[in-house]
Amino acid sequence: MSTATIPGRKKSVLSGLPVISHVNKSVGLQRGMLITGLVLTGLFLLSTVLAPLIAPYGYSQLSDASGAFPTQQAPSGKHLLGTTVGGYDVLSRVLWGSQTAVTVIVVAVAMSIFLGVALGLLSGYFGGWLDRVLVVIADAIYAFPSLLLAIVMSIVISRGQSSFWGGILACAFSITVVFVPQYFRVIRAETIRLKAEPFVESAMVLGASSLRIITRHIFKNATRTLPLMFTLNASEAILTLAGLGFLGFGIEPSSAAEWGFDLNKAMADASSGIWWTGVFPGIAIVLTVLGLTLVGESINDLNDPRLRGRKRAGGKARNKATAGTDGMNTGATTAPEPETGSPEAGKA
Amino acid sequence: MTTLIEVPDVEPDAVAPKSKSAGGGLGRYIVVRFFLIIPTIFILVTLVFFLMRVIGDPITAAQGGRLPPDVLAQRIHEAGYDRPIIIQYLEYLGQLLTGNFGTTITDRRPVIEMLSTFGAATLELSINALIVALAVGIPLGMIAAQRRDKATDAFLRCFAILCYATPVFFSGLLLKLTFSVWLGWLPVAGRVSTRTELTMGQLAAPSGIYWLDALRSGDFTALGDIVSHAVLPAIALGLLTAGVFLRLVRTNVIGTLGKDYVEAGRSRGVSEFRLVTKHAYKPALIPIITVMGLQIALMLGGAVLTETTFEWKGLGYQLVQYLNARDFVAVQGIVVLLAVIVAVTNFIVDVVAALIDPRVRY
């Protein structure tokens, strides 16, 4: 945990290396949480990649060489986690389900980041009426129950029919609408802050165009927190996807495996004591969300000034942060006040 | 400028009151904040209206394919859905202002009546869940703060994350399996048994919130039935929010525990228990009130899932039914009502926060 290595690693923010530096920085309980999260996330990604190899059957397979699968069969040697009411193999659908989840998350979060960052930069940099309109719209959407918005969007986009890509895109778009305001708010606030920094002012004095200032000077600094937001949002995206699937606005079982949809079908089974159709997809959701949340939370905690002394841009501040590392338990007394919502009031 | 740099990043938990009012007293803050409700509702109404119309007119959506084309065309003409969309939109806004939400297409009920019937059920569920969330979240949060970085704290923090990571319908399923199917203690689904529902229907001037009505009429058999139905949904939805409260209380109590006045209390020999429950707890409550406003939105979203899970016939359950029937007049009504609820709750929460904490009023 030397002071020299950390700033070096920190430079490649988007390459995934920050996670390693966070593991190095963490101690005790925090390290345990981070590593648990990383392991769970790793398992999730692994089952995504390996689903075609390790899943015993296809996600929509109803029979094999020895005939049709029995329905609602308890876990047995042939079907390790049993079969559903429709005759699907539960284990296979749980494994394949991770693939659907990853696809939706990646598409949704990529689109939200693109839109949210672009709008946030423009809005924050230029200000004026565009800024005001966008802020009011973002606030309105942000306040509204995200799941409801996603439901309305999915109805509009898919209109009921759902092929694999149709369903995936419908879910992804629905989730995008929910997330864009979040990215927008963060990036806008950062942009406004950065706009007043001396390096931006000097770029203006030198005659750099707005486009160049935004793309070269502000973009790189404002997007520092994105990897963290990605992990936090990924878990929310999974929950939204599962919620959509559970309510029946997701993806059809024949076009992809989706955990929420399987839980929907399992609800009726539960009353008659059939537990395996619901419990396993449910555990898959919980573990995936848990893993992603633990990673996101731990990184957030490790960056938190209240727990780790001052964070903030670049190498100079970094030294201070590492100086505070060992005194983690005393960090809170020297740190700024807990947020009461009031510091933000002036900025909003 | 330097002060702004000190401000930590916008956390998802931190709530920035949406007011832009500068200076002035509490009265002015409330007025300005009140007028900010209007654009919020207006934008959501507009958004939902146009999204719904992208699909086509509501009558074709609900009944297309089931009616011969000429009858369909006539129905559309009668309802005025063949006029330019902008005129329909203005007319819809006008109707909303006079409190007219239209009539549902599938079961031909006035939307406003449908909203009040099912709204009461959703309100009841939300109140129950909020009680669970506060009863679980606040004490556990205080314990976690006091036992900071010890095993208890670690366990409680994991519990909080687990609460968040478990979708309502999965915790609902587990609760159902355990308490209804295996132990047979509680009913599997529904809001009340049919007999109680009939009794409730005969009451004069019902509030629609069943346990309140049962208490008022002193019908304890009915009350028992109502409570036994309410327990599982309330826990499923309440735990979701309880995790958020737990973490919030923990963070804020830890913050206040480090303050000088708490140290002063400790040096005078005030017990640790009293320090947490009396001294550190109250200032930590303010952010909780603010966050409760945001929780309402989360809770309403969760209510849709909870109601579907437990066949609790409220707005969320009904919303899914109407969506499946493609009855967009009804859907629009429900979504608009929810938007109003969210906007008004946020307003109330901001005002309460301003009353308690003068710093918010800037």
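Residues are numbered from 1 along each chain as its sequence is written, while chains are lettered from A and ligands numbered from 1 in the order in which they are written. Because this is a predicted model, local features need pLDDT of at least 70 and side-chain atom pairs count only at pLDDT 80 or more, whereas totals for chains, interfaces and linings use all residues. For the complex, the predictor gives an ipTM of 0.76 and a pTM of 0.76.

**How confident is the predictor?**

- The score to know here is pLDDT, the predictor's confidence in each residue, from 0 to 100.
- Chain A has an average pLDDT of 72, with 69% of its residues scoring at least 70.
- Within chain A, the highest mean pLDDT of any element (84) belongs to helix 4 (residues 90-126) of chain A, and the lowest (34) to helix 16 (residues 342-347) of chain A.
- Residues 1-15 of chain A have a pLDDT below 50, and this stretch has 22 contacts in the model beyond near neighbours in sequence; two residues are in contact if their C-beta atoms, placed from the backbone, lie within 7 Å.
- Residues 308-348 of chain A also stay under 50 in pLDDT, and the model has 80 contacts for them beyond four places in sequence.
- Chain B averages a pLDDT of 76, and 85% of its residues score at least 70.
- In chain B, pLDDT stays under 50 over residues 1-23, a stretch with 42 contacts beyond four places in sequence.

**The two chains in outline**

- Chain A contains 16 helices and 2 strands, where helices (H or I, at least four residues) and strands (E, at least two) are DSSP runs, numbered from the N terminus.
- Chain B has 17 helices and 0 strands.
- Of the 348 residues in chain A, 49% are buried; a residue is buried if 20 or more other C-beta atoms lie within 10 Å of its own, exposed if 12 or fewer, and partly exposed in between, with C-beta atoms placed from the backbone.
- For chain B, the buried share is 43% of 362 residues.
- If you take the contacts in chain A between residues at least 6 apart in sequence, 67% join residues at least 24 apart.
- In chain B, residues 24 or more positions apart account for 71% of the contacts with a separation of 6 or more.

- The axes of helix 10 (residues 226-247) of chain A and helix 11 (residues 259-271) of chain A come within 6 Å and cross at roughly 40°; axes are lines fitted to C-alpha atoms, for helices over the stretch in contact, and angles run from 0 to 180 degrees between N-to-C directions.
- Helix 10 of chain A and helix 11 of chain A are therefore oblique to each other, since angles under 35 degrees count as roughly parallel, over 145 as roughly antiparallel, 65 to 115 as roughly perpendicular and the rest as oblique.
- Among the residues making this contact are Leu241(A), Gly243(A) and Phe246(A) of helix 10 of chain A, and Trp259(A), Gly260(A) and Phe261(A) of helix 11 of chain A.
- Gly243(A) sits in helix 10 of chain A, and it counts as buried because it has 25 C-beta neighbours inside 10 Å.
- Leaving aside neighbours within four places in sequence, Gly243(A) touches residues of both chains: Leu147(A), Gly260(A), Pro167(B) and Leu305(B).
- Gly243(A) and Ala150(A) are 93 residues apart along the chain, yet their C-alpha atoms are separated by 9.4 Å.

**Helices 16 and 17 of chain B**

- Helix 16 (residues 315-324) of chain B is mostly covered, with 8 of its 10 residues buried; Leu315(B), Tyr317(B) and Val320(B) are among them.
- The axes of helix 16 of chain B and helix 17 (residues 328-356) of chain B come within 9 Å and cross at roughly 150°, and the two helices are therefore roughly antiparallel to each other.
- Where they meet, Leu315(B), Gln318(B), Leu319(B), Tyr322(B) and Leu323(B) in helix 16 of chain B face Ala330(B), Val331(B) and Ile334(B) in helix 17 of chain B.
- After helix 16 of chain B comes Arg326(B), with a positive phi near 60°.
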